[in-house]
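Thanks for coming. I will take one structure today and go from the overall fold down to single residues. Please have the viewer open.

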Amino acid sequence: MAVYLHADSSKCSGCKACLVACSLAKFGVNNPKKARLAIIPKFPAPGIFEVKTCTNCGTCAEVCPVDAVKINEKGAYYIDPNECIACMACVKECPEQVIFTHPDYPVPFECDLCGACVEVCGPGVLWIE
């Protein structure tokens, strides 16, 4: 069984601290749009949020034509920016829709299980196992 970032969306308040922590840890900026997980508000239902995370299913690695999706020491898939050709096949095929792009970066990116989001989540929505 793959290790991945789990989420209990029923506990999420939508504060986005996890998104900020992720962007700071991975890109050194306070920009939730550069996070490697997503919080989707379920409006009009007030206060309901869905937390989307990578389940480490490996679909991204299966569809990559140049084998740029690798597994790190924690067992997480990640996209090697030096080998990625930005074809976006992984983005299109990700069943969780948690491989992200941003105009500041030439290649997509995904969660690598660094755990920065888990450390700042007050309600205990996130955990890695």
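Start with size. With 129 residues, a compact globule would have a radius of gyration near 14 Å, and the protein has 14 Å, which agrees. That radius is taken over C-alpha atoms, and the globule rule is 2.2 Å times the number of residues to the power 0.38. The C-alpha trace spans about 45 × 35 × 25 Å along its principal axes.

Before going on, the conditions. This is a predicted model, in which local features need pLDDT of at least 70, side-chain atom pairs count only at pLDDT 80 or more, and totals for chains, interfaces and linings use all residues. Residues are numbered from 1 along each chain as its sequence is written, and side-chain values use heavy atoms, with hydrogens and water left out.

The protein has four helices and six strands, in the order β-α-β-β-α-β-β-α-α-β along the sequence. Helices (H or I, at least four residues) and strands (E, at least two) are DSSP runs, numbered from the N terminus. Of the 129 residues, 42% count as buried; buried means under 20% relative accessible area, exposed over 50%, and partly exposed in between, with a 1.4 Å probe and protein chains only. Contact here means heavy atoms within 4.5 Å. Among contacts between residues at least 6 apart in sequence, 55% join residues at least 24 apart.

Now the core. A nonpolar core is a set of buried Ala, Val, Leu, Ile, Met, Phe, Trp, Tyr and Cys residues joined through side-chain atoms within 4.5 Å. The largest one has 34 residues, and Leu5, Cys18, Leu37 and Leu126 touch the most other members. H1, E2, E3 and strand E5 (77-79) each supply at least two residues of this core. Which of the elements gives the most to this core? H1 does, with four residues.

After H1 comes Gly28, with a positive phi near 70°.

Next, the rings. A search of the whole structure finds five aromatic pairs. Rings of Phe, Tyr and Trp (its six-membered ring) pair if their centres lie within 6.5 Å; planes under 30 degrees apart count as stacked, over 60 as edge-to-face and the rest as tilted. One of the pairs is Phe27 with Phe109, edge-to-face at 4.9 Å centre to centre and 70° between the planes. This pair links distant parts of the chain: Phe27 is in helix H1 (residues 17-27) and Phe109 in the loop between helix H3 (89-93) and helix H4 (116-120), 82 residues apart. Both Phe27 and Phe109 are buried. Tyr105 also pairs edge-to-face with Phe109, at 6.1 Å centre to centre and 85° between the planes. Is Tyr105 buried or partly exposed? Tyr105 is partly exposed, because its relative accessible area is 26%, whereas Phe109 counts as buried at 5%. Ring pairs link Phe27, Phe100, Tyr105 and Phe109 into a cluster.

Two buried polar residues follow. Asn56 sits in the loop between strand E3 (49-52) and helix H2 (59-63), and with a relative accessible area of 6% Asn56 is buried. Polar atoms of the Asn56 side chain lie 2.7 Å from the backbone oxygen of Val3 and 3.0 Å from the backbone nitrogen of Tyr77. Leaving aside neighbours within four places in sequence, the contacts of Asn56 include Ala2, Gly75 and Leu113.

Asp112 is in the loop between H3 and H4 and is buried, at a relative accessible area of 16%. What does the side chain of Asp112 make a polar contact with? The partner is the side chain of Lys26, at 2.7 Å. A polar contact is a pair of N or O atoms within 3.5 Å; within protein, one must be able to donate a hydrogen and the other to accept it, and residues adjacent in sequence count only if both atoms are side-chain atoms.

Last, backbone geometry. The peptide bond from Phe43 to Pro44 is cis, with omega near 20°, and Pro44 is in the loop between E2 and E3. Gln97 is not a glycine but has a positive phi of about 55°; Gln97 counts as exposed, at 63% relative accessibility. Leu113, also not a glycine, has a positive phi of about 65°, and Leu113 is buried, with a relative accessible area of 5%.
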